[in-house]
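Colleague: I'm new to reading protein models. Could you walk me through this one, feature by feature?

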Amino acid sequence: MTKMRTALFPGSFDPFTLGHLDILRSALTLFDKVIVAVGYNSAKSGFFPPELRVQIIRDAVAGLDNVEVCCYRGLTVDICRELGAGCIIRGLRTTTDFEMESVIAQANRKMAPDIQSIFIPSGHEYSFISSTVVRDVLNNGGSAKCFLPKNVDIDKYLALRLKED
Ligand code: ADP
């Protein structure tokens, strides 16, 4: 039996944007399965709570095959082992992303030499999109729809977020 090639695409995804979706689509051309994993830290609440971030991603990836979504705490290499993922996918927009990502990748490689990090460059039309910009727009009452996957009803999640406060 051939081995399923599974990759983990970890991130804060607060929230998941068109840039993230672009990286996920590219990763799906390389792997049999990609798990989008929302990493969170209990000390840092974030803009959307992790469960809403997961729901937003589920809406965003509706219609895409071979994608799973989960959230995790702790080390990315540990969750890779737990879920049977041999690769970590990260997206690159700029040289600053590259510098930060290569440091993280070296540390992960030291801890888990059997898990490879793969960097995928963003499409030029998405390279300026970040969750930070989306949060700024939302915090100031603007429409962030042009940065978000079309299946995501962000107003619904903004209302749910306020309910949880
Ligand atoms: P983190 O806090 O772990 O960096 P993010 O949700 O900000 O989480 O990003 C997750 C991954 O997606 C990172 O590898 C980041 O570089 C990448 N990424 C974010 N936005 C884009 C984009 N517009 N194009 C390509 N990659 C992106």
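Predicted model: local features only at pLDDT ≥ 70, side-chain atom pairs only at ≥ 80, totals over all residues.

Colleague: Where is Asp 14 found?

Modeller: Asp 14 sits in the loop between strand 1 (6-11) and helix 1 (18-28).

Colleague: And is Asp 14 buried or exposed?

Modeller: We call a residue buried when its relative accessible area is under 20%. Asp 14 comes out at 6%, so it counts as buried. Its side chain also reaches the backbone nitrogen of Phe 47, at 2.7 Å.

Colleague: How do I read a nonpolar core?

Modeller: The general idea is that in soluble globular proteins, nonpolar side chains tend to be buried together. Here, the largest nonpolar core has 35 residues, and the ones touching the most other members are Phe 9, Phe 16, Leu 24, Val 36, Phe 48, Ile 57 and Ile 89. Several elements give two or more residues to this core, among them strand 1, helix 1, strand 2 (33-39), helix 2 (50-60) and strand 4 (87-92). There's also a second, separate core of twelve residues, which includes Leu 8, Cys 70, Val 77 and Ala 85.

Colleague: Which residues is Ile 89 in contact with, leaving aside its neighbours within four places in sequence?

Modeller: On that count, its partners are Ala 7, Leu 8, Phe 9, Pro 10, Ile 23, Ala 27, Phe 31, Ile 118 and Ile 120.

Colleague: Now the strands. In what sense do strand 2 and strand 3 pair, parallel or antiparallel?

Modeller: For pairing, look at the bridges between two strands. Strand 2 and strand 3 are parallel, with six bridges. As an example, Ile 35 has Glu 68 in strand 3 as its bridge partner. To get from strand 2 to strand 3, the chain passes through helix 2, and this β-α-β crossover is right-handed.

Colleague: How far apart are the C-alpha atoms of Arg 90 and Val 69?

Modeller: They are separated by 16 Å, and the two residues are 21 residues apart along the chain.

Methods: Residues numbered from 1 in each chain as written. Heavy atoms only, no water. Helix = DSSP H or I, 4+ residues; strand = E, 2+ residues; numbered from the N terminus. Buried < 20%, exposed > 50% of the residue type's maximum accessible area, 1.4 Å probe, protein only. Polar contact = N/O pair within 3.5 Å; in protein donor to acceptor, adjacent residues only side chain to side chain. Core = buried A, V, L, I, M, F, W, Y, C linked by side-chain atoms within 4.5 Å. Contact = heavy atoms within 4.5 Å. Pairing = 2+ DSSP bridges. Right-handed = clockwise from strand over helix to strand, strands pointing away.
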